Amino acid sequence: MATTETMDSAAETPSASNEIVIETRNLTKVYRDFWGRQKVRALKALDLEVRRGEIFGLLGPNGSGKSTTMKLLLGLLFPTSGQALVFGEDPSKVSIKERIGYLPEESYLYRFLSARETLEFYGRLFDMPASVRRERIDKLIEMVGLKWAERRQLKEYSKGMTRRIGLAQALINDPELIFLDEPTTGLDPLGIREMKDLILRLRDEGKTVLVTSHQLADLQDVADRIAILHQGELKEMGRVDALLKVRDETQIRARGLSDAAKEEIRQVIQRHEAELIDIENPTTTLEELFLSIVRDSEARPGRRARVDRDDSAD
Ligand SMILES: Nc1ncnc2c1ncn2[C@@H]1O[C@H](COP(=O)(O)OP(=O)(O)OP(=O)(O)O)[C@@H](O)[C@H]1O
């Protein structure tokens with residue numbers, strides 16, 4: 001394990017309560033082939049606790065065991081050994097299903113239905129009375145920003161729109177606990193930001209969210225805590241800011257410093273026998289640059305983007 005220091009509990013998550021919603025103990029899954037021979041050890045002795053109100057991220061490369069964990073928690077797979085509990089119950093128990101929403105990695109929605117018809121269909125599956133159903137569908141379509149396309153067939157939807165209607169479908173039963181498997185797959189930076197904002201909105205509503213991704217950037221600014229999986233093993237777990245903190249370095253950011261002041265800072269660092277790593281203008285990320293260009297272009301259509309940057313290198 002890389003740094004045990006960061007293997008913390010959920011107690012530090014401000015929005016979370018003390019109630020444990022998901023718990024796994026020694027959870028292990030071995031896939032077997034047709035003859036019952038051991039094929040892949042997909043998950044090895046996973047111990048996790050997720051509390052009510054948390055956004056918990058499962059991060060790991062392809063094949064690290066994220067979907068397997070999610071399917072075990074949904075009762076779609078049975079563990080080889082160990083135990084998973086959801087709301088303190090065995091995940092295969094039917095009575096907990098109505099408290100759970102699930103967005104699979106690939107949504108299998110009927111292409112010839114409109115967004116409204118799709119949600120209508122799933123609302124009926126949950127036996128929701130017509131008036132509750134209508135109210136809920138209106139709210140969800142508004143929430144995922146698809147009001148303008150609600151009567152169009154899903155076959156005409158872009159990837160981003162399909163992902164958003166998938167999320168609305170996962171929320172039709174107003175679940176307390178939501179599983180999102182790679183919700184940002186195939187989305188452009190704007191779509192990713194919108195999906196992240198939707199996830200944050202779910203937390204504001206008091207929901208508990210378990211979300212998987214193979215990219216840290218997708219989880220970094222939404223997840224309260226993350227677990228990092230590699231080849232079925234838990235490698236790290238903790239608050240995102242704590243995991244990313246470089247402990248023996250100090251960063252100072254200032255605006256409007258003169259050259260003389262910068263020189264003075266250099267000398268202070270030298271006097272304290274510390275090493276100056278850099279004293280440069282910070283750069284933004286490509287994602288932030290792209291988002292600010294899109295926002296600027298929406299505000300001033302047809303004009304070249306006006307973003308705050310140093311053009312001297314052009
Ligand atoms: N039904 C199955 N039968 C055999 N092996 C499987 C099965 N499902 C998954 N695996 C294997 O188990 C391991 C973990 O797979 P899993 O789908 O849980 O990973 P993941 O982290 O979700 O990956 P991805 O990001 O690609 O979705 C992989 O080696 C995978 O090939």
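**Helix 2 and its neighbours**

I began with helix 2 (residues 115–125) and helix 3 (residues 130–143), whose axes come within 10 Å and cross at roughly 135°. Axes here are lines fitted to C-alpha atoms, for helices over the stretch in contact, and angles run from 0 to 180 degrees between N-to-C directions. Helices (DSSP runs of H or I, at least four residues) and strands (runs of E, at least two) are numbered from the N terminus. The angle makes helix 2 oblique to helix 3. I noted the scale: under 35 degrees is roughly parallel, over 145 roughly antiparallel, 65 to 115 roughly perpendicular, and the rest oblique.

Before going on, I reminded myself that this is a predicted model, where local features need pLDDT of at least 70, side-chain atom pairs count only at pLDDT 80 or more, and totals for chains, interfaces and linings use all residues. Residues are numbered from 1 along each chain as its sequence is written.

Which residues of helix 2 meet helix 3? I found Ala115, Arg116, Leu119, Glu120 and Gly123 in helix 2 against Arg133, Arg136, Ile137, Leu140 and Ile141 in helix 3. Contact means that the C-beta atoms, placed from the backbone, lie within 7 Å. By class, I read five nonpolar, one polar and four charged residues there. Ala, Val, Leu, Ile, Met, Phe, Trp, Tyr, Cys and Pro count as nonpolar, Asp, Glu, Lys and Arg as charged, and the others, Gly among them, as polar.

Next I turned to helix 4 (residues 159–170), which packs with helix 2 at an angle of about 25°, the axes being 10 Å apart. Helix 2 and helix 4 are therefore roughly parallel. Ala115, Thr118, Leu119 and Tyr122 of helix 2 touch Ile165, Ala168 and Gln169 of helix 4. This contact has five nonpolar, two polar and no charged residues.

**Around the ligand**

Which residues come nearest to the ligand? Of the 14 around it (C-beta atom, placed from the backbone, within 6 Å), I listed Tyr31, Ala42, Asn62, Ser67 and Thr68 as nearest. Strand 2 (38–51) and helix 1 (66–73) are the elements that give two or more residues to this shell. I sorted the shell into three nonpolar, eight polar and three charged residues.

How values were computed:
Contact = placed C-beta atoms within 7 Å.
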